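These are my notebook entries on one structure. I looked up its charged pairs, and then one of its helices.

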Amino acid sequence: MINPNDSIRYTNVISRKYEFQYQELENVFNDFVQEVIHLGATIKGPLFYSVNNVPMDEVLLSEFFIPIHEDDLVVPEDMRFHSYFSVENMISIYVHNHFETKTEVAYRLLLDYISDNELEQVTPIFHVISGDHSMQYAMIKIGVQKVLNMEPASNI
């Protein structure tokens with residue numbers, strides 16, 4: 001079921017952009033989290049990432065984000081500290097178990113919803129990773145806006 005009224009809102013977020021083979025996703029997650037912890041940060045929120053390309057040859061261009069407790073933190077040049085990170089007007093869907101196959105179905109459902117409701121995609125696709133050891137799930141979110149139909153002015 002698609003949630004038509006969602007958003008992403010976090011304070012004190014660290015991010016870094018990556019380019020990697022899809023099969024390396026879990027290693028990239030772990031490396032990012034370990035580097036954030038190594039900086040002295042205390043993680044407070046879920047890891048989330050954007051998919052910034054249509055994967056060609058299974059290579060993903062992605063940005064990883066994680067909220068921390070610290071109000072300020074010196075980060076390396078290839079990382080960014082966001083005092084506030086917000087994306088409004090999003091649609092979303094939950095995925096759990098069999099992430100690889102269900103993610104493809106979720107993308108199709110979200111893209112069909114966009115088309116059926118005369119919306120346009122205005123952000124990359126975001127994956128918010130949540131859950132615990134007993135059940136993990138991801139929320140897949142896309143920022144959208146209503147398509148404006150600009151009809152030409154009629155001749156009077």
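**Entry 1: salt bridges.** I began with the count, and the structure, a predicted model, holds five salt bridges. I then took up individual pairs.

**Entry 2: R9 and E88.** I found the side chains of R9 and E88 joined in a salt bridge, at 2.7 Å from N to O. R9 belongs to strand β1 (residues 3–21) and E88 to strand β4, so this pair ties together parts that lie 79 residues apart in sequence. I also looked up accessibility for both partners. R9 has a relative accessibility of 48% and therefore counts as partly exposed. E88, at 34%, likewise counts as partly exposed.

I noted the R16 to E35 salt bridge at 2.5 Å, N to O. Since R16 lies in strand β1 and E35 in helix α1 (residues 25–38), the pair ties together parts 19 residues apart in sequence.

I noted the D78 to R16 salt bridge at 2.9 Å, N to O. This pair links distant parts of the chain, with D78 in the loop between β3 (59–67) and β4, and R16 in strand β1, 62 residues away.

Is R16 buried or exposed? Its relative accessibility is 7%, so R16 counts as buried, the limit for that class being under 20%. E35 counts as partly exposed at 33%, and D78 is partly exposed at 46%.

**Entry 3: length of helix α2.** I checked whether the span of α2 fits its residue count. At 1.5 Å a residue, the 18 residues of α2 (residues 99–116) should span 26 Å, and the end C-alpha atoms are 25 Å apart, which agrees.

Entry 4: I listed the buried residues of α2 as T103, A106, L110 and I114. These cover an arc of only 75 degrees around the axis, which puts them on the same side of α2.

I then asked what covers the buried residues of α2. The cover includes β4 (79–96), β5 (119–131) and β6 (136–146).

Definitions and conventions. Residues numbered from 1 in each chain as written. Predicted model: local features only at pLDDT ≥ 70, side-chain atom pairs only at ≥ 80, totals over all residues. Heavy atoms only, no water. Helix = DSSP H or I, 4+ residues; strand = E, 2+ residues; numbered from the N terminus. Expected span 1.5 Å × (residues − 1). Buried < 20%, exposed > 50% of the residue type's maximum accessible area, 1.4 Å probe, protein only. Arc of directions from axis to C-beta. Contact = heavy atoms within 4.5 Å. Salt bridge = Lys/Arg side-chain N within 4 Å of Asp/Glu carboxyl O.
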